[in-house]
Amino acid sequence: LPLLLLLPLVLRRLSLLPSVLVSPAALNRSLASWCTPATLCCLLHMLRHVLAAACAAGAAAIQAPPTPSPSSSLLPAPSASLRMPAAMTAAGLSKQRVLVLRGGAEEKGLKRVLSHQDLDTEVHGPEDTADTRYYAKDVVESEHRSLWHDLPLFEADPVTAKPTGALNFVCEIPKWTRKKFELATKEPLNPIKQDEKKGQLRSFKKGDIYFNYGCFPRTWEDPDFIHPDVGVGGDNDPLDVCEIGLRQIRTGQVRPVKVLGVLCMVDEGEADWKVIVIDREDAWAEKLHDIDDVQKLLPGTL
């Protein structure tokens with residue numbers, strides 16, 4: 001481009017603009033007056049910059065990584081978006097429109113402070129189907145978040161950023177219900193969906209459960225780690241949590257909880273740890289400090 005911009009000046013210097021019919025003698029005199037060392041150095045300097053810019057652009061195009069598809073990563077690229085076939089409000093009213101999900105940008109890193117008060121739940125897809133998804137949305141930044149990756153394990157004060165002593169509990173299955181919801185660990189932004197087995201949506205066969213069931217964010221039961229007291233590896237899922245408070249916590253809701261104890265179950269040769277907790281704001285929270293207090297004050301709960 002700089003060379004093209006200089007072309008009219010060169011032609012005028014050579015007296016070629018007024019007329020292309022120039023005598024050889026006049027042309028030689030023009031070339032002699034124009035081809036000075038200073039002019040040639042200037043042109044060579046500009047040509048060097050043009051070539052350097054072209055080489056840099058070519059190298060960037062070759063080395064740029066391809067944008068990952070939504071199914072190739074738990075967290076989509078910063079510019080990635082997911083187009084969903086339908087959207088539903090929390091009340092279950094279908095809007096039947098295409099929504100674009102945004103969030104989970106890797107370049108931003110994991111958030112140190114993400115308050116449960118800043119998260120809302122969006123329900124996508126027809127209700128009570130295999131396409132139903134519960135997404136977490138940061139109402140402050142208007143972006144969707146992963147309840148597994150973006151939400152910190154330990155609750156922090158949103159003003160001071162200091163730990164409060166509570167842990168963030170992600171509710172998947174509310175108490176007094178039986179649909180077996182779980183985090184979709186292999187889907188972008190990790191929404192909550194109803195589990196399937198042989199193409200059928202799963203529910204607890206023995207009826208409704210009597211506690212809020214969910215998991216802890218940023219945890220994972222490693223299949224390769226064999227606990228000496230158990231003898232088998234983990235189940236490759238987030239750490240399960242049973243919240244025994246009085247209130248019902250809805251699917252996708254995050255609550256700060258207090259840890260009381262832990263038990264381990266072995267399911268099909270895999271360790272399945274269950275952490276017993278209670279909502280920090282529950283009426284019993286100040287009286288329950290460990291699992292013995294639960295046995296003493298709330299007999300039959302466990």
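Mentor: Let us start with burial: a residue is called buried when its relative accessible area is under 20%, exposed when that area is over 50%, and partly exposed in between. Please keep in mind throughout that this is a predicted model.

Trainee: Why is Tyr-213 called buried?

Mentor: Its relative accessible area is 14%, and the cut-off for buried is under 20%, so Tyr-213 counts as buried.

Trainee: What makes the rings of Phe-211 and Tyr-213 a tilted pair, rather than a stacked or an edge-to-face one?

Mentor: Two values decide this, since a pair of aromatic rings is described by the distance of the centres and the angle of the planes. The ring centres of Phe-211 and Tyr-213 are 6.1 Å apart, where the limit for a pair is within 6.5 Å. Their planes stand at 55°, whereas stacked requires under 30 degrees and edge-to-face over 60, so the pair is tilted.

Trainee: Why is the pair of Tyr-134 and Phe-181 called edge-to-face?

Mentor: Here the centres are 5.4 Å apart and the planes meet at 80°, which is set against the requirement of over 60 degrees, so this pair is edge-to-face. The pair links distant parts of the chain, with Tyr-134 in strand S5 and Phe-181 in strand S9, 47 residues apart. Tyr-134, at 17% relative accessibility, counts as buried, and Phe-181 is likewise buried, at 9%.

Trainee: What makes S8 and S15 a pair of strands?

Mentor: The criterion is at least two bridges, and S8 and S15 have 4, in the antiparallel sense; one of the contacts with S15 joins Phe-169 to Arg-255. S8 also pairs in the antiparallel sense with S13, over 3 bridges, where Val-170 has Cys-215 as its bridge partner. With S7 the pairing is again antiparallel, over 2 bridges, and Phe-154 stands opposite Leu-167.

Trainee: Why is Asp-292 called exposed?

Mentor: Asp-292, which is found in helix H4, has 52% relative accessibility, and the cut-off is over 50%, so Asp-292 counts as exposed.

Key
Residues numbered from 1 in each chain as written. Predicted model: local features only at pLDDT ≥ 70, side-chain atom pairs only at ≥ 80, totals over all residues. Heavy atoms only, no water. Buried < 20%, exposed > 50% of the residue type's maximum accessible area, 1.4 Å probe, protein only. Phe/Tyr/Trp six-rings, centres within 6.5 Å; stacked < 30°, edge-to-face > 60°.
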